[in-house]
Amino acid sequence: MNSCWLARTSHAPGDAFATATLHDEHGTAAGVLCAWERHHEHPETAVKIDARAIDAHGAEAWASLALVDPREGLPFDDPAVLEAMRVVLALPAPDVFSTFVVHDNECAGALTAVYDLGSGRLGRDPFRFVFGGQQLHIGAGLLAPTPPATGPAVQRYGSSSPWPWDRFPQPK
């Protein structure tokens, strides 16, 4: 599975391959989300995200961003993280979803996004209850729709892979 780096910054750096401005529900500027290729230098506060969730030509969306300092992540097998994954599987699928990975075995939150704010899905983001976070408008230039999570499994495939992952690699 491919992943890339994601970080919230105060301004858009020139070396990120995708960036989008953030605004809170009142329209106040709230920084920038930036993505870097997996093997590119990135800020130490960056986390891994499923690369399928990033598109430099993506549309704007509303998101529940539960992103903690990488030093404050929880193990993916922590009961709170596992329950959040189960709740994600039980809720209607958002348009974009990925957990954030640090140190290949810890969860530092998740990104849940929808293109239609009227769906009500963001208010029920289980990762926001575990990690805190906020609802934000993400400008164009960052997000791509992801396939719905498959279940009932909540295990990740590969220690460095964000959850969910929808298929195993094909045998060669």
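Visitor: What makes S5 and strand S9 (residues 134-138) a pair?
Guide: In this predicted model, S5 and S9 share five bridges in the antiparallel sense. Pairing needs at least two bridges, so S5 and S9 qualify. Leu-65 has Gln-134 as its bridge partner in S9.

Visitor: And what makes S5 and strand S8 (residues 106-114) a pair?
Guide: DSSP has to find at least two bridges. S5 and S8 have six, again antiparallel, so they count as paired. Within S8, Thr-112 stands opposite Ser-64.

Visitor: Why is strand S5 (residues 61-67) called mostly covered?
Guide: Six of its seven residues are buried.

Visitor: Which residues touch the most other members of the largest nonpolar core?
Guide: Leu-6, Leu-111, Phe-127, Ile-138 and Leu-142, out of 38 residues. A second core is separate, with seven residues, among them Ala-16, Val-32, Cys-34 and Trp-36.

Visitor: How confident is the predictor, on average and for helix H1 (residues 79-90) and strand S2 (residues 18-23)?
Guide: The protein averages a pLDDT of 88. At least 70 is reached by 87% of the residues. Where pLDDT is low, coordinates should not be read in detail.

Methods: Residues are numbered from 1 along each chain as its sequence is written. This is a predicted model: local features need pLDDT of at least 70, side-chain atom pairs count only at pLDDT 80 or more; totals for chains, interfaces and linings use all residues. Side-chain values use heavy atoms; hydrogens and water are left out. Buried means under 20% relative accessible area, exposed over 50%, partly exposed in between (1.4 Å probe, protein chains only). Helices (H or I, at least four residues) and strands (E, at least two) are DSSP runs, numbered from the N terminus. A nonpolar core is a set of buried Ala, Val, Leu, Ile, Met, Phe, Trp, Tyr and Cys residues joined through side-chain atoms within 4.5 Å. pLDDT is the predictor's confidence in each residue, from 0 to 100.
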